Amino acid sequence: MVDFLSRYDLLGAFWVTVRLTVFSAIGSLVWGTVLAGMRVSPVPVMRAFGTAYVNLVRNTPLTLIILGTSLGLYSTLGLALADETSGTFLKDNNFRLAVLGFVAYTSTFVCESLRSGINTVPVGQAEAARALGLRFSQTLWIVVLPQAFRAVIAPLASVLIALTKNTTVASAIGVAEASLLMSEMIENEADKLFLIFLAIAAGFVVLTLPTGLFLGWVAKKVAVKR
C-alpha cells in the first residue's frame with residue numbers, strides 16, 4: 001500500500017528541510033540578537049532602524065520575501081550566492097537565497113522574543129553594571145543577554161518549530177524540500193492523496209515534536225529563579 005514511497009527520495013527531501021532549518025536558525029539567532037540590541041540601544045538611529053526593520057519585515061508575507069530573494073536579488077540585481085560555473089549552481093543558489101530569506105524573516109521573531117526576555121532582567125542589574133564602568137554594549141552582552149536567553153528558550157523553541165514548518169515556502173523558488181516532493185507525488189499518485197499527506201505530516205511531526213519537548217525541558221532546567 002505504501003510501496004510507492006520507495007520510488008521517491010523522501011529522506012533526501014526532508015534532509016534538505018533539516019539543512020534549511022539549521023542554517024536559517026543559526027543566521028536568525030545571530031541577526032535577531034543584533035536587532036534586539038539595536039531595539040534597546042540608547043542610540044536613536046540604531047533604535048529607529050531596528051524598530052523599522054522588525055515592523056516592516058515581520059508584517060511582510062514570507063512567500064513574498066522568498067520570491068524577492070530570487071527575483072529581486074538574483075534575477076534583477078544579479079546577486080549569485082554560489083559558483084556560477086558549477087553544475088549544481090541553480091540548486092545551490094536557490095537554497096542559499098532561501099536561507100537568506102528565512103533569516104531576514106525569522107530574525108524579527110527572534111528579536112521580539114529576546115526583547116521580551118531583556119525586559120525580565122531587573123533594571124538594577126544594568127544600573128549596577130554601568131556603575132562599575134561597563135559600557136552599554138558590555139552590559140548588554142555580559143549581564144543582560146545571558147539572562148534574557150535563559151528566560152526565552154520556550155518562545156525561541158516555538159520560533160524554531162515555526163521555522164521548520166515555514167521551510168515549505170522554499171518550494172516557491174524550486175528548492176527540493178519536502179513540500180516540493182509532495183507536489184510531485186500528488187501529481188504522479190493522485191489516487192494516494194491521503195497516504196501522501198500522512199507521510200509528509202509524519203515527517204514534520206518527527207522533526208518538530210522532539211525539538212519542542214527537548215527545548216521545553218531545557219527551558220525548565222535553566223529558568224532564572226526570581
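**How helices H1 and H9 meet**

In helix H1, the residues Leu-10, Phe-14, Thr-17 and Val-18 are in contact with Ala-199, Ile-200, Gly-203, Phe-204 and Leu-207 of helix H9 (contact means heavy atoms within 4.5 Å). By class, this contact holds seven nonpolar, two polar and no charged residues; Ala, Val, Leu, Ile, Met, Phe, Trp, Tyr, Cys and Pro count as nonpolar, Asp, Glu, Lys and Arg as charged, and the others, including Gly, as polar. The model is a predicted one, in which local features need pLDDT of at least 70 and side-chain atom pairs count only at pLDDT 80 or more, while totals for chains, interfaces and linings use all residues. Residues are numbered from 1 along each chain as its sequence is written, and side-chain values use heavy atoms, with hydrogens and water left out.

H1 covers residues 10–39 and H9 residues 193–222; their axes lie 11 Å apart and form an angle of about 40° (axes are lines fitted to C-alpha atoms, for helices over the stretch in contact, and angles run from 0 to 180 degrees between N-to-C directions). The two helices are therefore oblique to each other, since angles under 35 degrees count as roughly parallel, over 145 as roughly antiparallel, 65 to 115 as roughly perpendicular and the rest as oblique.

Stepping back to the whole chain, the secondary structure comprises nine helices and zero strands (DSSP runs numbered from the N terminus: H or I of at least four residues for helices, E of at least two for strands). Along its principal axes, the C-alpha trace spans about 70 × 45 × 30 Å.
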